[in-house]
Amino acid sequence: RSPRQDELLSSKVTLPPSMAIGAFRTTEDGILEPKVALKMLKDGNQRFVSGVPVLGKVDRHVREALATKGQAPHTAVVGCADSR
């Protein structure tokens, strides 16, 4: 438990656009179909390129779920840079 957990759970923090468009994924959620995850990434990239982010708020219930059940991102992006 974080020493700031109560403070964070009661705050009105604004979400980053990438988290504001859909349901929050916790460890209780199942596996996301690859086509759905790819569509979510492409849609988010299009919003970023267009300068039209989707904004949202995190309420107490969302923060509690993320704090107690954990986060389960739908995608991990691995990249590499070579300086040669």
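In which segment is Ala-72 found? In this predicted model, Ala-72 sits in the segment that comes after helix H4, which spans 60-69.

**Ala-72 and its surroundings**
- Ala-72 has a relative accessible area of 17%, and because this falls under 20%, the residue counts as buried.
- Leaving aside residues up to four places away in sequence, Ala-72 touches Arg-25, Thr-26 and Thr-27.
- Although Thr-27 lies 45 residues from Ala-72 along the chain, the C-alpha atoms of the two are separated by 5.4 Å.

**Met-40 in helix H3**
- Met-40 belongs to helix H3, residues 34-50, and is partly exposed at a relative accessible area of 26%.
- Beyond residues up to four places away in sequence, Met-40 touches Leu-32 and His-74, while its C-alpha atom is 9.5 Å from that of Thr-75, a residue 35 places away in sequence.

**Salt bridges**
- Lys-69 and Glu-28 are joined by a salt bridge with an N to O distance of 3.6 Å; Lys-69 lies in helix H4 and Glu-28 in the loop between helix H2 (17-20) and H3, so the pair ties together parts 41 residues apart in sequence.
- Of these two partners, Lys-69 is partly exposed at 34%, whereas Glu-28 is exposed at 60% relative accessibility.
- Within helix H3, Asp-43 and Lys-39 are 4 residues apart, about one turn of the helix, and their salt bridge has its closest N and O atoms 2.8 Å apart.
- In helix H4, Arg-60 and Glu-64 are likewise separated by about one helical turn, and their side chains meet in a salt bridge of 1.7 Å, N to O.

Conventions:
Residues numbered from 1 in each chain as written. Predicted model: local features only at pLDDT ≥ 70, side-chain atom pairs only at ≥ 80, totals over all residues. Heavy atoms only, no water. Helix = DSSP H or I, 4+ residues; strand = E, 2+ residues; numbered from the N terminus. Buried < 20%, exposed > 50% of the residue type's maximum accessible area, 1.4 Å probe, protein only. Contact = heavy atoms within 4.5 Å. Salt bridge = Lys/Arg side-chain N within 4 Å of Asp/Glu carboxyl O.
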